[in-house]
Amino acid sequence: MNALPEIRENVALDNLNTLRVPARARWFCEITGQDELLAVADWARTRRLCTLLLGGGSNLVFTGDFDGLVIAMAMRGRRWESVSGDQATLVLKAGENWHESVLYAASSGFRGIENLALIPGTVGAAPIQNIGAYGVELCDTLESVTVYDARTGDIRVLKAPGCCFGYRDSIFKHESNRYIVLELRLRLSRSRPLSLGYGELADYFSGRQEKDEPTPLEVAKAVMAIRRRKLPDPVQLPNAGSFFKNPVLGLSQWQHLKEQWPEMPGYPVGDRMKVPAAWLIDQSGWRGYRNERVGVHNRQALVLINHSGGTGRDILELAERIRKDVEQRYGITLEREPGIIESDAR
Ligand code: EPU
């Protein structure tokens with residue numbers, strides 16, 4: 001049986017990326033199962049086409065049209081596995097919506113991913129940048145990732161240690177054309193400690209008695225409220241979340257800067273210090289900046305916004321101006337967070 005899905009030509013991607021920048025795919029298809037993926041990978045290989053796997057399109061910037069095959073991930077499904085005592089493994093297919101999966105786990109009483117509520121995008125995108133928020137990262141609960149390995153043509157299971165997770169980092173970022181994520185296994189528990197230490201989250205629950213511990217669903221709802229106060233909804237203000245990573249500095253650089261800028265916030269990470277990029281951008285005067293097309297969000301300086309008809313190049317140009325400015329002022333080079341999809345993809 002031929003599992004090849006419908007492959008369309010010259011398809012607009014404007015509504016399939018949360019920055020809503022204009023771009024077209026030379027070829028485009030949607031896959032709902034593994035056999036379709038294998039067939040379509042074969043189709044692209046025989047035509048020597050570049051492929052791009054698209055999830056929610058919430059962490060990438062198109063600089064123009066993509067001259068290859070865009071594969072939209074639509075594999076759906078959730079199931080529980082290895083339930084024992086108060087532990088269980090939640091298996092999520094790559095095309096599931098991440099936030100809905102968080103609510104599903106939290107409302108079943110399972111803890112581990114409730115702090116990651118409202119992060120836009122699909123399950124398949126989550127391990128790429130090892131999504132994280134409010135003191136929790138995906139890798140804290142991730143057991144394994146099932147992938148299609150384009151190099152060998154095999155479907156394989158990568159255990160968490162083999163994924164080389166770091167802050168907004170993984171093997172999938174460095175070998176971006178090699179792996180396609182098919183499903184995740186998350187080890188959750190009804191009894192693991194909640195992570196409520198992050199400033200704003202701690203403030204949210206500060207009035208509560210210690211014995212009156214919130215449920216995971218209450219934590220997810222708190223995170224949703226906090227995010228909504230600060231982070232723009234991509235449907236109303238197109239954006240790709242944090243545009244830069246928070247830089248992690250060596251102690252001597254940190255101390256040197258702290259002497260010059262005593263009010264600079266910083267959080268220890270091992271024997272290094274993480275500085276909020278939002279603070280550096282904000283202090284450099286960019287928060288709320290906008291030109292006629294693109295700008296910087298007025299409540300979270302780490303988020304770039306496509307206000308009206310901006311292109312990917314407009315966004316990157318603005319990011320570059322910010323990067324240079326911060327570099328000149330603080331001697332810190334900010335690293336971009338979203339993936340850049342160049343138009344000369346062949
Ligand atoms: N700050 C400013 N100006 C701003 C915003 C923040 O000075 O406009 C300062 C404040 O001092 C604040 C500090 O920066 O206390 C940290 O801000 P925030 O708590 O908003 O977190 P962040 O470091 O800017 C990171 C993640 C977010 C995640 C939040 C909460 C990165 C690149 N970003 O932002 O992730 O939601 O922490 O955990 O690590 C994303 O990746 O897309 C994302 C939104």
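This is a predicted model: local features need pLDDT of at least 70, side-chain atom pairs count only at pLDDT 80 or more; totals for chains, interfaces and linings use all residues.
**Exercise 1.** Describe the shell around the ligand: its residues, its elements and its domains.

*Solution.* 
- Step 1: start with the residues. The shell holds 24 of them, and Y134, Y167, Y198, S242 and D282 come nearest.
- Step 2: sort by type. The shell divides into 13 nonpolar, 4 polar and 7 charged residues.
- Step 3: A polar backbone atom of Y134 sits 2.6 Å from an oxygen atom of the ligand. For Y167, an N or O atom in the side chain is 2.7 Å from a ligand oxygen. For R168, a polar side-chain atom lies 2.8 Å from an oxygen atom of the ligand.
- Step 4: check the cover. On its own the ligand has 830 Å² of accessible area, and the protein covers 82% of that.
- Step 5: assign elements. Helix 5 (216-230), strand 13 (239-242) and helix 7 (277-283) each give two or more residues to the shell. Helix 7 gives the most, with 3 residues.
- Step 6: assign domains. Domain 2 (78-230) and domain 3 (239-341) each supply at least three shell residues.

**Exercise 2.** Examine the backbone and burial of Y134 and R168.

*Solution.* 
- Step 1: Most residues other than glycine have a negative phi.
- Step 2: read the angles. Y134 has a positive phi of about 50°. Phi of R168 is also positive, near 50°.
- Step 3: Y134 lies in the loop between strand 8 (132-133) and strand 9 (136-137). R168 lies in the loop between strand 11 (154-159) and helix 3 (171-174).
- Step 4: apply the burial cut-off, under 20% relative accessible area. Y134 has 10%, so Y134 is buried. R168 has 15%, so R168 is buried.

Methods
Residues are numbered from 1 along each chain as its sequence is written. Side-chain values use heavy atoms; hydrogens and water are left out. A residue is near a molecule or strand if one of its heavy atoms lies within 4 Å of it. A polar contact is a pair of N or O atoms within 3.5 Å; within protein, one must be able to donate a hydrogen and the other to accept it, and residues adjacent in sequence count only if both atoms are side-chain atoms. Accessible areas come from the Shrake-Rupley method with a 1.4 Å probe; for residues, only the protein chains shown count as cover. Helices (H or I, at least four residues) and strands (E, at least two) are DSSP runs, numbered from the N terminus. Ala, Val, Leu, Ile, Met, Phe, Trp, Tyr, Cys and Pro count as nonpolar, Asp, Glu, Lys and Arg as charged, and the others, Gly among them, as polar. Domain bounds come from an automatic or database domain assignment. Buried means under 20% relative accessible area, exposed over 50%, partly exposed in between (1.4 Å probe, protein chains only).
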